[in-house]
Amino acid sequence: MLVEQFSAQTRQNKTLELTTEFVVAGGGLAGVCAAIAAARAGTKVVLIQDRPVLGGNASSEVRVWALGATSHMGNNNRWSREGGIIDEIMLENLKVNNDGNPIIFDAILLDKVIAETNITLLLNTAAYQVNKSNERTIDSVQAFCSQNSTEYKINAQLFCDATGDGLVAFNAGASFRIGAESRDEFDEQLAPVKANNQLLGHTLFFYSKKLEKPVKYTAPKFAYTHQEIGANPRSKNIQGKDSGIKFWWIEYGGIHDTIYQTEDIKWELWKIVYGIWDYIKNSGKFEDVENLTLEWVGTVPGKRESRRFNGEYMLKQQDIVEQVEFNDAVSFGGWAIDIHPSEGIYSDQPACSQFHSKGVYQIPYRCFVSKDIDNLYFAGRNISATHMAYGSTRVMITCAHGGQAVGTAAAMCIEKQLSPKQLLSAELMTDLQYRLNKFGHGIPGIPLNKQNGLTKLAQISASSELNLSEFYPSGEYMRLSQACAQLVPLTKGAVPKVTVKVKASRPTQLKVALRVSAKAQNYTPEKNLKEIEVELVSGEQIIHLDFSDINLADQYAFITFYANEQVSIALSAQLITATMPVFNKVHKAVSNTGKQTAPENSGIEAFEFWTPERRPKGQNLALKFTPAIAAFNVNNLANGHLRPWLKSNAWVADLNDPQPSIRLSWEKAVSIKELILFFDTDADHALETVLMEHPENEMPYCVKNYKVKLADGTILHEVKGNYQTVNRIILEQAIEVSEVIIELEHPSKTVPASLFEIEVN
């Protein structure tokens, strides 16, 4: 029993002082990935999160689906899903939660963090004060946990602000911006003529559920009335059966202070949300809503924008649109420059305007490094970017990918006793990029450096290599109601001749084209190299397309069939790594109408969108190639690229090979401790975390079962049921070998075994 007597003096809360190497404030996806990356590199980390769960806007408290460069597969960024730790998390979520339950995603994030013994996790703990040893150096952070009434003082060498609003950086005195820059400051043509304080607003979601009986609903008195909701410019967007983030356009607060007025903004959103639900249930304007019940309403708004801090470089509109390359690239983006009217739901303008680039863009390390505080990183939506560039960089998977870069860099600084700015030397930056890519980070255009590993010294051979002579027909046909193209990697030289079986309902003319991107690394088919018009008769027939007079370097090409309702084209059930069909179609979720129209004098480019269908749709076209496409050879396993980029960059086995295998041989015995295998987990597939259901729980291209053997048949390592991109095999002790054999099983009868890269150390 504890008895405390009256105290004339105020009592102090319990205080704990912690000393660590790296403090990450903010447990959204950026902070989670920063903490995990640093911890896995051997750094001691304290992760401070002011909420009861991790994930930020992706958590069950807010329930935004996490997305990045894949953009719902609605842009031209093929094979662009972010790699590394966030890829591991998303694939884990797909495996156990492909129906998008936000509670399960919470648990996955918690599992990932507490598995790291180097992380001390402080939930329900808000950082509120920074202490500095001098004007440019943070010494410690103070935080308070509301659940255990404990104050923490956390000392560290390095700090990362991943709080969104930049609470640590603000308190430390770092320079920042709020609002939109003027057009002239960075020569951004999308920017307003004059700088302003208008921001993107908050959104608060709700979930509904259908029961087996009618459910009545009585709105709280603070909710807006039917008349007020019906008069709103956005009321036409209301769909009775929509739920969660389908109501992303319930946005408010951009004309207010999105930091200090957040609670006021939340109350306005509650009035709107409860009013909309009352409107759906009781206005009589919606059918089949009698059995719907209000299952959940958010208590924490999803915040889009507040402070952006000044780094060593500020990303701008041109960097995104022109896909500028940086020597210090450590991350990438690909979401559109996504601008919303600051009045949000009360605006009569479109709820958003999205302006896409023709491909992914690099984000330099300097955007994550504070210009003013020498031991401070930024991660997440508060990195150094203009308001226009921020329209793209703010999305969660882009933030998470940058978070891994920060965590890896911080661990490198601790290891080498350097400051963040010192990593900008060419040699150290190359080392940082290598460390990131070694874990599957996938920085566009920057391959895994093979200079220090043993793969480059090995002679690599395989039991077979796919020479793609044909996508074997399944017997199914697809009507060309929309233009369709088969995207294939072509090798240097003449383009193969193509044949395909089609059906015509009556005599007609079919137009076919060979198209490529102006920038070879992109997947925007803006250049027509050759068009062929084929006269068709009624019925089934084989057509021949001769593109052999065209010569290309290593580059992807679009064998394009233009829309013709009278024509159906043969399909294949085969799935081949680094190939896919794409369609010139409308994708409303990302403001895609089939073509991007550039506003006048905006600095934005006009181009067509060619995007894939989600499985189970999206079968390859049953094309034959003469000669066969030899783009899947074993040499790709040592070129450093972890996904398609200019070419397939993958080894693919022949599907008729009963036991695919890869052999690495060295002239002299070498000492190996580690093997890293990079598998194909379909980096084109967007893995939205909530609300969206996925047809699979693992990627069909991924090799599930494999063995690593020595020349005498000794099994070094065996895996069954793999579903992750990166498999890192660390041996208990280094061994001397002159040969290693990797035996793989085909994922299925229609999917050949494949591998992007092997790293041996």
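Five strands line up as β4-β3-β2-β8-β20 in an open sheet with parallel pairing, where two strands pair if DSSP finds at least two bridges between them. This is a predicted model, with local features needing pLDDT of at least 70 and side-chain atom pairs counted only at pLDDT 80 or more, while totals for chains, interfaces and linings use all residues. Residues are numbered from 1 along each chain as its sequence is written, and side-chain values use heavy atoms, leaving out hydrogens and water. Helices (H or I, at least four residues) and strands (E, at least two) are DSSP runs, numbered from the N terminus.

**The parallel sheet**
- β4 (119-122) and β20 (376-378) sit at the edges, each pairing on one side only.
- From one strand to the next, the twist averages 15° (axes are lines fitted to C-alpha atoms, for helices over the stretch in contact, and angles run from 0 to 180 degrees between N-to-C directions).
- β3 (residues 45-48) runs parallel to β4, joined by four bridges, and Val 45 is opposite Ile 119.
- Helix α10 (residues 396-416) lies across β2 (22-25), β8 (158-161) and β20, at about 165° to β20; contact means heavy atoms within 4.5 Å.

**The three-stranded sheet**
- Here the order is β12-β10-β14, open and with antiparallel pairing.
- The edges are β12 (251-252) and β14 (302-303), each pairing on one side only.
- Two bridges link β10 (residues 202-203) to β12, with His 202 opposite Tyr 252.

**Strand β43**
- β38 (residues 661-678) and β43 run antiparallel, with four bridges; Leu 675 has Val 760 as its bridge partner.
- β43 (residues 757-760) is covered on both faces: Glu 757 and Glu 759 on one side, Ile 758 and Val 760 on the other, are all buried (under 20% relative accessible area, with exposed over 50% and partly exposed in between; 1.4 Å probe, protein chains only).
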